[in-house]
Amino acid sequence: MRDRPLSYLLLVPAFLIVLATTLYPLAYSFVIAFREWDLTKQNRPGTFVGLDNFTYAFTEPGFLNSLWVTTIFVVTSVVLTLFIAMSLALLLRRTGRMHTFTRIILILPFAMSPALIGVSYRFMFNPEFGVIAKGLGAIFPALQGVPWLASPDLSMAILVLTDVWHWSPYMTFMCLGGLASVPRETEEAARIDGASGFRIFFGIVLPQMKGVLMVVAVLKTIFALKMFDQVVTLTGGGPGNSTETLAYFIFNVGFKWYDMGYASALAWILTGIMMLISIWYVRMLLSERKVATA
Amino acid sequence: MAEVKLVDVEKRYGSFLAVPKQSLTIEEGEFLVLLGPSGCGKTTTMRMIAGLEEITAGDLMIGGERVNDKPPKDRDIAMVFQNYGLYPHMTVAENIGYPLKLRGFNRQAREARVAETAEKVELGKLLKRRPSELSGGQRQRVALARAIVRTPKLFLMDEPLSNLDAKLRVTMRAELKHLHHELGVTTVYVTHDQMEAMTLASRVAVMRKGRIVQLDTPKMIYSEPANLFVASFIGSPPMNLIDGVISQGTFTAPGVNLPVSAADRGNVVLGIRPEELDLVPADGEGLFSGLLYALELTGESTLVTLREGTTVVCARGGADFDAPIGTRCALVPKAGARLHLFDKDSGERV
Ligand SMILES: Nc1ncnc2c1ncn2[C@@H]1O[C@H](COP(=O)(O)OP(=O)(O)O)[C@@H](O)[C@H]1O
Ligand SMILES: [Mg+2]
């Protein structure tokens, strides 16, 4: 390559943009995570406080609450999404006009903006005029006038519902891809060897989908950890702080209380959690690879 | 052990007719080979018997019972898949033992059976490996072992030796033959290798475009091919097929003059096996005379190809036969040689 210097030169603008928009803020947030900086009092980072911001977090009820809320949210939404996606994939596995059509309309929930989903669900669960609230009330009289979003448990359930509704289609497609890569012969061999449908699924198909299911689970976990949009537009973190996820809490610390140092430290804690999950996942994948390429 | 009966069975994929309506009875304890070129419907036929493919029309009977609607697991069969169909997440031992596990054998019985079977297919040292760590031939032997690990009513084997090297193929062939002798289980065996068919089968069904064109013992298939397709498919090197005419009791073609006992007709194909021709000196009473075109030493004999005009004839000569290319040679049928006459248009035996 004779034009090597030129090719590096051409990369410079792209690199500068990444530097300015990603790397610099990242590094900067890392720096201020170790400083005291109340934006209402001063317009530049204050004194170095060591790990204070981090240690404070683990004594502060707001953070601990958001950690708990996030855990509940992540576990329920990941488990439900995985279960629904896998079930839908099994149903949509066969080919045919109906199945193709269903696959197409399945894309719609995923095409919707999460913020918008929050707004629409907020309306739909409004006890006065919400279509779901009213509909449920009509079918089950006991549910008439239930103040859905005013109950901590119910609003968490609805938050999970919106997220599962949003993500299941996409994850269904990933599962469909995984299912398609399971060789037909392995199932057929099992049928002949004498396995029941139940055993074929759990003993033959599912183990071969381990890789894909891991990807789905990890991706979904990471997305769920970042849950923010619907919290803003659907529950506002409430009632109380019952749906205050980590991302939403960090946002509040930074842009409502203007505590930049603390918010940065929290953001790095969240990043750390995600990194741990990713590392664990990559290691699992590497050890799985040998098996999966049969 | 059971008799398998296909009665007017037909298979369509949409509008594509893969196996046209036909009947076939596979007798109890028989080793039936489905032989035919790739794409002729062997696998489809076998999959219908296995219950993996729905039968479009007709009845399938196993052991006197109509099983069209019986799921594969209740048909008590074992099958070797063309593409192996091994379970990638299980070790070789687990793969082989899976049918036993599903049928409730305890661990001890399973391990003993698996070890014994693995020995038969020379896999004893690989029991702990996963399929991904095996060669094609080794995978195929795992598939074979998984099928023969238990004694079902019926064995279905779809090209189970296709990926083995020549030596192992011969060993496995003998192993299968012995196994069949020992257990006497009805076996349907698919192959496109005529040698395998001839050596293993009690009867061979030669298939073409989904249809069985001849069903007979290997001996009869070889000595009395029902049509040109069978004649050219069976035998290595294949039967010589010479286009010509018969007039006044003599078959004539470029370089050929052969008395035959058949009525006069044009458009006829004469077939004679290379093994049934003798090389004679060029000016002898050669019934075919031609120029030496190629010599191939196979070890125990030499394949001699002669050519005259458009006629090409191959004969099997002694291992020590040698002559320069281009030499004129002649061939005569051996005493008792079988001449086959086919109608050129229909391909049927005359
Ligand atoms: N699932 C299928 N859908 C449509 N056509 C098929 C299908 N399976 C096989 N065929 C066709 O049926 C014919 C017979 O196939 P097959 O039984 O696999 O042949 P063989 O085993 O003799 O090579 C082929 O022409 C093949 O293309
Ligand atoms: Mg086939």
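Where in chain B is Pro237(B) found?

Author: Pro237(B) is found in the loop between α8 (228-233) and β11 (240-247) of chain B. This is a predicted model, in which local features need pLDDT of at least 70 and side-chain atom pairs count only at pLDDT 80 or more, while totals for chains, interfaces and linings use all residues. Residues are numbered from 1 along each chain as its sequence is written, chains are lettered from A and ligands numbered from 1 in the order in which they are written, and side-chain values use heavy atoms, with hydrogens and water left out. Helices (H or I, at least four residues) and strands (E, at least two) are DSSP runs, numbered from the N terminus.

The peptide bond that leads from Ser236(B) into Pro237(B) is cis, with omega near -5°. Most peptide bonds are trans, and most residues other than glycine have a negative phi. Gln248(B), in the loop between β11 and β12 (250-253) of chain B, has a positive phi near 50° although it is not a glycine. Gln248(B) counts as exposed at 73% relative accessibility; buried means under 20% relative accessible area, exposed over 50%, and partly exposed in between (1.4 Å probe, protein chains only). Chain A has a residue of this kind in Tyr258(A), a non-glycine with a positive phi near 55°. Tyr258(A) sits in the loop between α12 and α13 (260-292) of chain A and is partly exposed, with a relative accessible area of 34%.

Next comes a sheet in chain B. In chain B, 4 strands form an open, antiparallel sheet in the order β2-β1-β4-β5. Two strands pair if DSSP finds at least two bridges between them. Strands β2 (16-26) and β5 (65-66) of chain B are at the edges with a single partner strand each, so one side of each has no neighbour in the sheet. β1(B) and β2(B) run antiparallel and are joined by 7 bridges, with Lys5(B) opposite Thr25(B) in β2(B). The two strands form a hairpin with 2 residues between them, and Gly14(B) in the turn has a positive phi of about 60°. With strand β4 (residues 57-62) of chain B, strand β1 (residues 4-13) of chain B pairs in the antiparallel sense over 5 bridges; here Leu6(B) has Leu60(B) in β4(B) as its bridge partner.

Ala57(B) belongs to strand β4 of chain B and counts as partly exposed, at 31% relative accessibility. Apart from its neighbours within four places in sequence, Ala57(B) is in contact with Asp8(B), Val9(B) and Glu10(B), where contact means heavy atoms within 4.5 Å. Between the C-alpha atoms of Ala57(B) and Pro20(B) there are 9.6 Å, and the two residues are 37 residues apart along the chain.

Helix α1 (residues 42-50) of chain B lies across β1, β2 and β4 of chain B and runs at about 120° to β1(B). Axes are lines fitted to C-alpha atoms, for helices over the stretch in contact, and angles run from 0 to 180 degrees between N-to-C directions.

The last topic is charge. Arg47(B) forms a salt bridge with Glu53(B), the closest N and O atoms being 2.7 Å apart. A salt bridge is a side-chain nitrogen of Lys or Arg within 4 Å of a carboxyl oxygen of Asp or Glu. Asp193(B) is buried, with a relative accessible area of 19%.

One more salt bridge has the side chains of Asp193(A) and Arg146(B) at 3.8 Å, N to O. Asp193(A) lies in helix α8 (residues 184-193) of chain A and Arg146(B) in helix α4 (residues 136-148) of chain B, so this pair joins two chains. Asp193(A) is buried at 6% relative accessible area, and Arg146(B) is buried at 2%. Over all chains, a search of the whole structure finds 21 salt bridges.
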